[in-house]
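Here are some notes for reading this structure. Please go through them in order with the model open beside you.

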Amino acid sequence: MKSKITKLSINGFEHIVLVNPDETLVFTLRERLNFTGTKKCCDEGTCGSCTILVDGIPVLGCLTPTVRCVGKTIITIEGISSKEDLHPVQKYLVKNGGLQCGFCTPGVVMTAIPFLDEHPNANREKIKEGLSGNLCRCTGYKKIIDAVENAGKELKV
Amino acid sequence: MEYYHIPSSVEETLSIADNYSGNYTYFAGGTDIQIYRKQKLDTHDHIIDLSRLDELKSITVNKDHLHLGAMTTLDDIISSDIINSNYPLISEAAKSVATPVIRKTATIGGNLLVNNRCIFYNQSKEWRDSIGSCLKDKGDICQVTGGNKSCYARNVSDTATALVALESEIIFLTPSGSIQKPLTELYLPCGIKSNELDEHSILTGITIPIKAEKWWYRKLRLRKTLDFTSLTVAATVDSDRIARICLNGVSMSPVLIKEALKSLTLESLIKQARKNCKTVENDLMPLKYRREMINVYLKECWETLH
Ligand SMILES: Cc1cc2nc3c(=O)[nH]c(=O)nc-3n(C[C@H](O)[C@H](O)[C@H](O)COP(=O)(O)OP(=O)(O)OC[C@H]3O[C@@H](n4cnc5c(N)ncnc54)[C@H](O)[C@@H]3O)c2cc1C
Ligand code: SF4
Ligand code: FES
Ligand code: FES
């Protein structure tokens, strides 16, 4: 298959990049554009670590064809906050110890933010369900759920 | 030459499909088919992406029928008040598919046409090469049975289970016009060619005629999320007391048992189910356990239906 010049809007900037019609967004971001914040782990939809926002909707970067995203707004973990000013979800992940190796963390953040937007009153059970596609091999999940619950409370006030 | 096509109307889709006849793959959400691309199980040169077909994204109720456009996402179905209050079985089934994030991309049409699965087939190319490919992968023997005639890859669509139990019909468009027929007739009892949607046609929608007076739904899987089914059962009783019990994940196509409730017994239900399900050792859960669970689920379901 022939590569194609493709224009992508990522975190507010336009990028022009040669893309293979068969490639997925996580590959383009990491391998062609050096946005390595987004992690690739299973590469087949089963771990959530590659979650990205496309037009505000969380999608799995390893299943999303890059060419489908032309004309859409892509936000990666790099576009969520600056170093000094963390998003509440990030802040509480740090504060509550919701990460160890950190490999799943970008995916957790990119899932939790749109989840809390959509379900501002979510209880613990609902948060667990909302994050059920994000696998973490380190934390045992409790502290991740604590962090998202606390971020939800802060975002409401 | 373009390899990735994103048409904006159904007509344009059919004309692109006609141009590349035999050498294209439709991507609806892409959450199933993308993995087959990566595993080199789907190698067509052209991808036709249906994600801009807004005309196929709809949930409407007319004359007591519910109509779902094929490109409606599972998440839209779960969040629909009309469906939750009138067709809770459909949202229950949709909720049991994959994960919340995947359901925002996965479509109902794609779910009805999800590829049949088998532990010897849904593997990386290297894995398959190491044991020799099977019938479904252009090989000459079935790794499960050792035979060379049939493929027993399982139909794993959870929403098909519910929609068959609701007597749904599907609508597809061919170059010669639109065709509507019962969803059960879409499926073929074959693990390789598991549905009869042919080249040049596209699934456009699903029509659901009945409302269930009683319903029951359960899905057996290893984890509460992420996993494909090892056994899904959906059952309904309508206002004329006709029972429809559909089992999936245990045969090449959904198995429907439809009978007046007054003549049906639990024993005959179990007997018919066990006879019609061509269950073989091709899932992560052992065959003996899955067979036993057919009885367990049908017993539980019977208590609600009766
Ligand atoms: C981690 C994970 C877990 C999953 N769990 C489940 C599960 O529990 N249950 C389940 O059923 N599935 C599951 N899936 C598979 C998949 O996500 C769902 O089946 C989903 O509903 C498929 O919809 P889609 O729109 O993404 O289909 P696609 O992948 O786009 O398409 C599926 C097939 O249908 C064809 N197709 C799609 N739409 C049309 C149309 N309108 N006309 C003609 N052909 C069409 C495509 O060419 C393809 O062959 C899972 C996937 C992943 C990655
Ligand atoms: S049932 Fe047999 S032929 Fe079919 S996919 Fe499995 S191993 Fe291959
Ligand atoms: S890398 Fe995409 S879900 Fe695991
Ligand atoms: S912190 Fe290591 S995988 Fe989650």
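1. Some wording comes first. Angles under 35 degrees count as roughly parallel, over 145 as roughly antiparallel, 65 to 115 as roughly perpendicular and the rest as oblique. Axes are lines fitted to C-alpha atoms, for helices over the stretch in contact, and angles run from 0 to 180 degrees between N-to-C directions. Helices (H or I, at least four residues) are DSSP runs, numbered from the N terminus.

2. This is a predicted model, in which local features need pLDDT of at least 70 and side-chain atom pairs count only at pLDDT 80 or more, while totals for chains, interfaces and linings use all residues. Residues are numbered from 1 along each chain as its sequence is written, chains are lettered from A and ligands numbered from 1 in the order in which they are written, and side-chain values use heavy atoms, with hydrogens and water left out.

3. Helix α2 (residues 88–95) and helix α3 (residues 105–118), both of chain A, pack at about 130° with their axes 9 Å apart. α2(A) and α3(A) are therefore oblique to each other. The crossing of α2(A) past α3(A) is right-handed (the near helix is turned clockwise from the far one by less than a right angle).

4. Which residues of α2(A) meet α3(A)? They are A:Val89, A:Gln90 and A:Leu93, in contact (heavy atoms within 4.5 Å) with residues of α3(A) including A:Val108, A:Ala112 and A:Leu116. By class, this contact of α2(A) with α3(A) has seven nonpolar, two polar and no charged residues. Here Ala, Val, Leu, Ile, Met, Phe, Trp, Tyr, Cys and Pro count as nonpolar, Asp, Glu, Lys and Arg as charged, and the others, Gly among them, as polar.

5. α3(A) also packs with α5(A), at an angle of about 40° and with the axes 11 Å apart. That makes α3(A) oblique to α5(A). The crossing is right-handed. From α3(A) come A:Val108, A:Ala112 and A:Leu116, and from α5(A) come A:Ile144, A:Val148, A:Ala151, A:Gly152 and A:Leu155.

6. A salt bridge (a side-chain nitrogen of Lys or Arg within 4 Å of a carboxyl oxygen of Asp or Glu) joins A:Glu154 and A:Lys91, with the closest N and O atoms 2.9 Å apart. The pair links distant parts of the chain, with A:Glu154 in helix α5 (residues 142–156) and A:Lys91 in helix α2, 63 residues apart. Over all chains, the structure holds 27 salt bridges.

7. Between the chains, 30 residues of chain A are in contact with 32 residues of chain B. The buried area (accessible area, 1.4 Å probe, that two parts lose on being put together, summed over both) is about 2,300 Å², and carbon and sulfur atoms give 55% of it. How many salt bridges are counted between chain A and chain B? The count is five. B:Lys104 forms a salt bridge with A:Glu118, where the closest N and O atoms are 2.7 Å apart.

Key: Helices (H or I, at least four residues) and strands (E, at least two) are DSSP runs, numbered from the N terminus.
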